[in-house]
Amino acid sequence: MPRRIVIGIRGIGHRVIDSVWRLGYAARFFSLILLKSGTSMRRFGLIIRELYFTGVLTMVIILVSGLFVGMVLGLQGYETLQKFGAETAVGTLVALSLVRELGPVVAGLLFASRAGSAITAEIGLMKATEQLEAMGMMAVDPIARVVAPRFWAGVISMPLLAAMFSAMGVFGGYLVAVVLIGVDEGSFWSQMQSVVDFRFDIVNGIIKTCVFGVAITAIAVFEGYNAPPTAEGVSGATTRTVVTSALVILGLDFVLTSFMFRGVG
Amino acid sequence: MTTNPLVEIKDLNFSYDERAILKGINMTMPRGKVIAIMGGSGCGKTTLLRLIGGVVAPSSGYVKVDNQIVHELSRNKLFSLRRKMSMLFQFGALFTDLSVFDNVAFQMREHTDLPESVIRDLVFMKLHAVGLRGAHNLMPAELSGGMARRVALARSIALDPMLVMYDEPFAGLDPISLSVIGNLIRRLTDALGMTSILVTHDVHQSLKIVDYVYFISEGVIAAEGTPSEVRESVSPFVHQFIHSEVDGPVPFHYPAEKYATDLNLENRIA
C-alpha cells in the first residue's frame, strides 16, 4: 500500500514539474520571439503577407458572425426590454454587450479557431517536412523568419477584427430592432451614444482584444513550433491551440473584467 | 589551393538518451571529392550529417569543417559557417508557400543585397543547371518527387557553397530521375569545385559517382575505400550490403527469444 502512495505522489510531482518546465519553456520561447522581431520589423513585407492570411481571410467569418450575434442580441434585448417599456434602450444593450464582452471574447474564439489553428498547422507541417531545419541549415533563423512575422500579424489583426465584429453586431442589432421591429431610430442611436463611454467601454474593450491577440497568437506559434513532427503530432497541436486559447480567453476575460469594471456603475 | 581536408572527424561519439548512436568515428573528407556514407536504415548516417552541420553536438570527439571545430562555434560563427555549406534533405524540404523561383532565390534574398535583376539571372542559371528553368513558376506541390529533388539541389547550390550534404538523395526516385540526380551531383561537384557528402543506401547508383565510401554499421565504420576497393572487399558486411543479401552479419531476424520458446513447444514436448 505505501508503495502505491509513493508512486502516486511521484506521479503528481512529475506532472507538476513537467507543467512548470513547459510553462518556463513557453516563456523563454515568447521572449525569443520578441528578441528576434527586429527582422520582421525591418522587413515589414513579411508581416503584411501574414496579415493577409491571418487577418483578411478571417474577416468573412468575423463579419458574418458579428452580424448574427448582433441580430440575436437585438431580438432578445427587445423581447425583455419591451416588458418594462424600455425597448428604446435596445441600442445601448447591443452596443455595451458587444463592445465590453462579446466583441473581444467571441471574435477571440473565432480568431483562435480560424487563424490560430491555421498558424499552428502551418508551422507544425513546416517542421514535419523539415522546412524549418532546412532554413536553419541555410543560416536563416526560423523564429525570426517564420514565427515572429506570424506572431505580429496576429497581434495586429486581432483588435481590428474584434472592432469589425462589434461594428457589424451593432449594425445587426439596428437591422432587427429598428428596421424589422420598428424601434424609434433616433432613440436607438442617441441612447447608445450617451451611455457608451469611450474610456470605460471602448478602450477597455480594445485592451482586452490586444491581450487576447497576444495570448492566442503566442499559443498558436508555440504549439506549432513544438509539435512532434508527425501527422498525429500536428493534429494534436492544432487541437491544443484551439482548446488552450478558448480557456485562456475566458479566464483572462474574467480577470480583466474584474479589474476594469470594478465599482463602475 | 590548400591540401588540408575540408571535413575532419575525430573520435566522434554521439548518444541519444544514453543510447550510443555513433561510436568512435574517424573520417577525413578532402576538398573537391564526392564521399558516400552508407549503411542500413537507422545506423546513424543522418545523425552524422547533423553533427557536421552543427545541428546537434557530439558527446565526445569533434567535427572540424574548414579548420573550425563545429560544436565549439558561437551561434553567429556557426551561422556564418553554414552560409558556406548547404544540405539537401531527403524529400527536398522545399518551402511549400514559395514558388520554385522564390525557393532558389531564398538564400540570395536573405543573405545578400543583390539587386532583383541579378538574383533573377542567378536563379535562372541555377535552375538551368538542373534542367528546370522552364518550371520556375510552379509551386512545390505541382512537382514530381524527382523534380522537387532537383529544385532542392538548385537551391542548395544557390550561394556556391564549399560543402553540400545530401541526405538520401536517391530515396523514392524512379530509375531515370535516379541517374539524373546522380549525374548532377557529380557534375556540379566538379564544375563548382565543391565537396559533396552523400548519405545513402543506394549502392549501385552511388558507387558509380563517388570517390570514396565509408560503411557504417552499428555506430562504427565497418569498412571504407574507393568504389573499386569496396567492390572487391572480402568483409562479410560489405559483401552482404553490396549484393543485397537477406541474411549475413546484419541478421534478418530482430533479436528475440528462441522460436521454440515463443511457440511454447518446449513445454509441450516435456
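Some ground rules come before the tour. Residues are numbered from 1 along each chain as its sequence is written, and chains are lettered from A and ligands numbered from 1 in the order in which they are written. Because the model is predicted, local features need pLDDT of at least 70 and side-chain atom pairs count only at pLDDT 80 or more, while totals for chains, interfaces and linings use all residues.

Let's start with chain B as a whole. Chain B has 270 residues, and 39% of them count as buried. Buried means that 20 or more other C-beta atoms lie within 10 Å of the residue's own; exposed means 12 or fewer; partly exposed is in between, with C-beta atoms placed from the backbone. The C-alpha atoms of chain B fill a box of roughly 85 × 40 × 35 Å along the principal axes. Chain B holds 11 helices and 10 strands. These are DSSP runs, numbered from the N terminus: helices are H or I with at least four residues, strands are E with at least two.

Now look at strand 3 of chain B, residues 34-38. Five of its five residues are buried. On one side sit B:Val34, B:Ala36 and B:Met38; on the other, B:Ile35 and B:Ile37. Both faces are covered.

Which strands pair with strand 3 of chain B? One is strand 8, residues 195-200, parallel over five bridges. Another is strand 9, residues 212-217, parallel over four bridges. Pairing here needs at least two bridges found by DSSP. In strand 8 of chain B, B:Val199 is the bridge partner of B:Ile37. In strand 9 of chain B, B:Val213 stands opposite B:Ala36.

Next, the core. The largest nonpolar core has 138 residues. A nonpolar core is a set of buried Ala, Val, Leu, Ile, Met, Phe, Trp, Tyr and Cys residues joined through C-beta atoms within 7 Å. Among the members that touch the most others are B:Ile37, B:Val151 and A:Val147. The largest share of this core, 18 residues, comes from helix 7 of chain A.

So let's turn to that helix. Helix 7 of chain A runs over residues 142-181, which is 40 residues. From first C-alpha to last, the helix reaches 55 Å, close to the expected 58 Å. That expected span is 1.5 Å times one less than the number of residues. Where does helix 7 of chain A bend? The bend is at A:Ala148, by about 35°, and A:Pro149 follows within four residues. A bend is the angle between axes fitted to the seven residues ending at a residue and the seven starting there. Why is helix 7 of chain A called largely enclosed by the rest of the structure? Because 29 of its 40 residues are buried. Just after helix 7 of chain A, A:Gly182 takes a positive phi of about 100°.

B:Asp11 has a phi near 45°, a positive value in a residue other than glycine. B:Asp11 lies in strand 1, residues 7-16. B:Asp160 also has a phi near 45°. B:Asp160 sits in the loop between helix 5 (145-156) and strand 7 (163-167).

Last, the interface. Nine residues of chain A are in contact with 14 residues of chain B. Contact means C-beta atoms, placed from the backbone, within 7 Å.

Note on methods
Two residues are in contact if their C-beta atoms, placed from the backbone, lie within 7 Å.
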